[in-house]
Amino acid sequence: MKHFSQLLHNWYDQNYRELPWRSTSDPYLIWISEIILQQTRVIQGIAYYYRFIEKWPDVKDLAAASEQEVLKMWQGLGYYSRARNLLATAQIIVNRHQGIFPPSSKELMGLKGIGKYTSAAIASNAFNEKVAVVDGNVLRFVTRLQGITSPLQSNDCFKSVQQFVDEMIDEESPGKFNQAMMEFGALHCTPQKPDCIHCPFSTSCYAFTHSVTDSIPVKKQKISIRTRHFNFLLFMVRHNGGEYTYLQERAEKDIWKGLHQFPLIETDQPAGFDDFNQTEAFNNIIGDNNYTLVSTSQMIRHQLTHQTLIAKFFVIKLSEKLKNNDLSLSLVSSENLGQYPLPRLIDRYLQQHGLPNLIKTK
Ligand code: SF4
């Protein structure tokens, strides 16, 4: 074993976190954990992982699920294309590969939602393939160690880091090497205050020996954040002796595709009810129904990676069901609302306000 790998493995043996997917070589379980952990913190991801594999213990079970079921399970994790891709890939593995995962990173990479990183993570851990992974933690650790100053996430930076880990990866236990590299970045060579004093690589680390740990990795320019104003129409209507509201599925190529929301009017600026209740968008929904505005929520700010959403909920009582329903709105009873996959913003709003009281008509 190379000296670098030896130091890394020693550190890992003493410091690694016991995580449920680390004790398995089942490619299905490793795949699920890797997809959940993209853009999700480990602490939050563990609960989802357990729920997911309890409901769908193997790839055949998952392939038989509906998209709405998978999205519902994913609710709150964000980046919902991950959930749709999971289902699509499970179906491909069952239909084209007899339910058996392709056993190489090259073949895995052709599957939906499985890129270079995920294919390497699965192949090295499940099939012992000597293929090195590069994630954000590895990028930070290696750029500091090697003094790589090309901007983070640029091709040059990625290539230099990939070349380093390709050279260093341990032939006998590539999966462990990959886990250790990522764990070292996550726990020791952290974004703020890396523990250089106790680092096994400090004497050869460029950033430490040149006192530039704060300026490596070099950050890319900040991406601009778009602000959007969402006005949700939370209709209340009594129907067949029960309490109902309307939901619509988001079908466009936009955030939350496949999730459900209350009918939405998006505006360029913060809006009150009077700002849109004469607009074509509102009239297309309400038609000639009689309605009463019951309440308007405070503005609720919801941060996504590249978008800031400013939302308001307008609770509107209808005297009867909507007549012109050209917008594919679904009439949903209060009891069934929880079965629909909802964006976290809406789910949180409902949890805070208590659904049965909210749509109870008097
Ligand atoms: S010395 Fe510090 S900056 Fe360098 S690898 Fe170790 S923890 Fe990271």
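A residue is called buried if 20 or more other C-beta atoms lie within 10 Å of its own, exposed if 12 or fewer do, and partly exposed in between, with C-beta atoms placed from the backbone. The model is predicted, so local features need pLDDT of at least 70 and side-chain atom pairs count only at pLDDT 80 or more, whereas totals for chains, interfaces and linings use all residues. Residues are numbered from 1 along each chain as its sequence is written.

Helices are DSSP runs (H or I, at least four residues), numbered from the N terminus. In H9, the buried residues are Asn137, Val138, Leu139, Arg140, Phe141, Val142, Thr143, Arg144 and Leu145; because these are nine of its 11 residues, H9 is largely enclosed by the rest of the structure.

| Helix packed against H9 | Residues |
|---|---|
| H10 | 155–168 |
| H11 | 174–187 |
| H12 | 206–209 |

The ligand is surrounded by 15 residues (C-beta atom, placed from the backbone, within 6 Å), and the closest are Cys189, Pro194, Cys196, Cys199 and Cys205. H9 gives the largest share of this shell, three residues, while H9 and H12 each supply at least two.

In helix H3 (residues 42–55), the buried residues are Gly45, Tyr49 and Phe52. They lie on the same side of H3, because the arc they cover around the axis, taken from the directions from the helix axis to the C-beta atoms, is only 75 degrees. On the other side, Ile43, Ala47, Tyr50, Arg51 and Glu54 are exposed.

Methods: Contact = placed C-beta atoms within 7 Å.
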